[in-house]
Amino acid sequence: MIYPEYELKPQFHEEFPLQWKKIFDNNNPLHVELGFGNGEFAAYYTQKHKNINYIGFELSITSMVKAQRKLKRNNVTNAKLILCDARFGLREFFDSNSIEKVIMNFPVPWYKNSQAHRRIIIQDFFETLADVLIENGEFELLTDQEWYAIEAFENAKNSGYFEVFDIEKNPRREFLTRYEKKWIKSNRDIFKLVVKKIKGIKVSRLIGGVNKMPHASGKISEEKIKLLKGKVFKENNKVFVIKNVYKELDSNSHIFKVISSDGDFSQHYFLVLYQKDNENWVIKLDSESNPYRTPAVKWSVKKIMEVLQ
Ligand SMILES: C[S@@+](CC[C@H](N)C(=O)[O-])C[C@H]1O[C@@H](n2cnc3c(N)ncnc32)[C@H](O)[C@@H]1O
């Protein structure tokens with residue numbers, strides 16, 4: 001069973017940042033968990049703090065389903081779960097000075113230097129936190145990796161936006177998450193870091209305002225269409241690749257399978273190109289696709305039309 005009432009799909013919302021007051025129908029403080037796993041902590045936390053609105057981020061679909069079941073079993077009414085990269089969601093879905101607390105329990109540490117850019121606690125993350133947390137709002141991190149807690153400590157401290165408390169070793173905890181139990185069972189130490197926002201900053205967002213998708217239209221040279229397969233386009237922070245081009249059998253339209261990225265944030269989607277009248281063609285997002293309208297997504301529409309002309 002899935003319980004879709006708990007899942008929020010921001011792609012279907014018209015405006016960013018999201019209107020949390022409308023979504024929860026109240027003005028309660030927002031608490032956000034990054035990587036909620038199977039939702040044990042979410043179910044506990046929302047029961048314990050009935051006067052907050054909980055928003056959780058996760059990448060795993062299986063975890064999303066399990067967490068929905070846990071919330072339903074506990075009759076939780078103050079939680080929304082989002083399937084999305086937490087780094088993107090934290091920056092794009094929340095207004096400045098809007099979150100009271102951000103919690104991250106046992107993130108994947110990404111040990112290797114080559115994976116360092118995938119770590120959540122990089123400098124950019126602390127800038128986003130300094131924007132979206134309210135004054136005196138907190139970020140709490142639990143990890144079984146001491147080096148990770150130290151790296152987070154240093155990045156937070158060096159940013160200048162936080163009061164950073166000493167790392168606590170094996171803190172007393174009222175509730176243990178699934179991974180916490182696992183690490184304690186294998187005799188690992190647990191490290192807790194808390195940082196409190198003391199200074200704000202405004203970071204730039206990739207999406208914002210009304211979530212509209214521009215179409216592009218014009219005359220094209222049809223013979224250029226199939227030559228686009230495999231082509232890569234780059235401009236500053238934006239990249240897109242045309243993975244494939246399909247011709248629809250029963251109409252004069254073509255589907256482009258595209259992967260785009262804006263820095264570290266990638267999306268897969270389909271664009272449709274069709275003949276509008278004798279002279280003009282239109283390219284737009286296929287109705288089956290609903291990526292966030294980031295600069296790279298918008299640029300892919302314009303650029304494909306441009307190269308076909
Ligand atoms: C080690 S598990 C911890 C799960 C849970 N918090 C716990 O303590 O039991 C890390 C979780 O973070 C999720 N995750 C990893 N990177 C993420 C990201 N960038 N955004 C959202 N979730 C992420 C993973 O899918 C995984 O479920």
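Helices (H or I, at least four residues) and strands (E, at least two) are taken here as DSSP runs, numbered from the N terminus. The model is a predicted one, in which local features need pLDDT of at least 70, side-chain atom pairs count only at pLDDT 80 or more, and totals for chains, interfaces and linings use all residues. Residue numbers start from 1 along each chain as its sequence is written.

The overall picture comes next. The chain has 8 helices and 16 strands, and its C-alpha atoms fill a box of roughly 70 × 40 × 35 Å along the principal axes. Burial is judged by C-beta atoms placed from the backbone: a residue is buried if 20 or more others lie within 10 Å of its own, exposed if 12 or fewer, and partly exposed in between. On this scale, 37% of the 309 residues count as buried. Among contacts between residues at least 6 apart in sequence, 68% join residues at least 24 apart.

The chain is divided into domain 1 (4-197) and domain 2 (212-308), with bounds that come from an automatic or database domain assignment. Their C-alpha centres lie 35 Å apart. Where the two meet, 5 residues of domain 1 are in contact with 4 residues of domain 2. The side of domain 1 that touches domain 2 has 2 nonpolar, 2 polar and 1 charged residues; in this classification Ala, Val, Leu, Ile, Met, Phe, Trp, Tyr, Cys and Pro count as nonpolar, Asp, Glu, Lys and Arg as charged, and the others, Gly among them, as polar.

Attention now turns to the interior. A nonpolar core is defined as a set of buried Ala, Val, Leu, Ile, Met, Phe, Trp, Tyr and Cys residues joined through C-beta atoms within 7 Å. The largest such core holds 60 residues, of which Ala 42, Leu 81, Val 102, Leu 129 and Ala 152 touch the most other members. A second, separate core of 19 residues includes Ala 216, Val 258, Val 297 and Met 305. Returning to Leu 129, its contacts beyond four places in sequence are Val 102, Phe 139 and Lys 197.

The ligand is surrounded by 20 residues, the closest being Gly 35, Gly 37, Ala 86, Thr 177 and Tyr 179; a residue is placed in this shell if its C-beta atom, placed from the backbone, lies within 6 Å of the molecule. Elements giving two or more residues to the shell are β3 (53-58), α4 (86-92) and α7 (178-185), and the largest share, 3 residues, comes from α7. By class, the shell has 9 nonpolar, 6 polar and 5 charged residues.

An unreviewed UniProt entry carries the annotation "binding site" for Glu 33, Glu 58 and Asp 85. These residues are spread over 53 residues of sequence yet cluster in space, with a largest C-alpha distance of 11.9 Å. Positions from UniProt are given in the numbering used here, feature names are shortened, and annotations may be inferred rather than shown by experiment. Glu 58 is found in strand β3 and is buried, because 24 other C-beta atoms lie within 10 Å. Beyond four places in sequence, Glu 58 is in contact with Gly 35, Phe 36, Ser 63, Met 64, Ala 67, Leu 81 and Leu 83. Asp 85 sits in the loop between β4 (79-83) and α4. With 19 other C-beta atoms within 10 Å, Asp 85 is partly exposed, and outside its sequence neighbours up to four places away it touches Leu 59 and Phe 265.

Asn 97, in the loop between α4 and β5, has a positive phi near 50° although it is a residue other than glycine; its 14 C-beta neighbours inside 10 Å make it partly exposed. Asn 170, in the loop between β8 (168-169) and α7, likewise has a positive phi, near 45°, and is exposed, with 11 other C-beta atoms within 10 Å. Ile 122 lies in the loop between β5 (99-105) and α5 (123-132) and counts as partly exposed, with 16 C-beta neighbours inside 10 Å. Leaving out residues up to four places away in sequence, Ile 122 touches His 117 and Asn 155. Ile 122 and Asn 155 are 33 residues apart in sequence and 6.9 Å apart in space, C-alpha to C-alpha.

How values were computed. Two residues are in contact if their C-beta atoms, placed from the backbone, lie within 7 Å.
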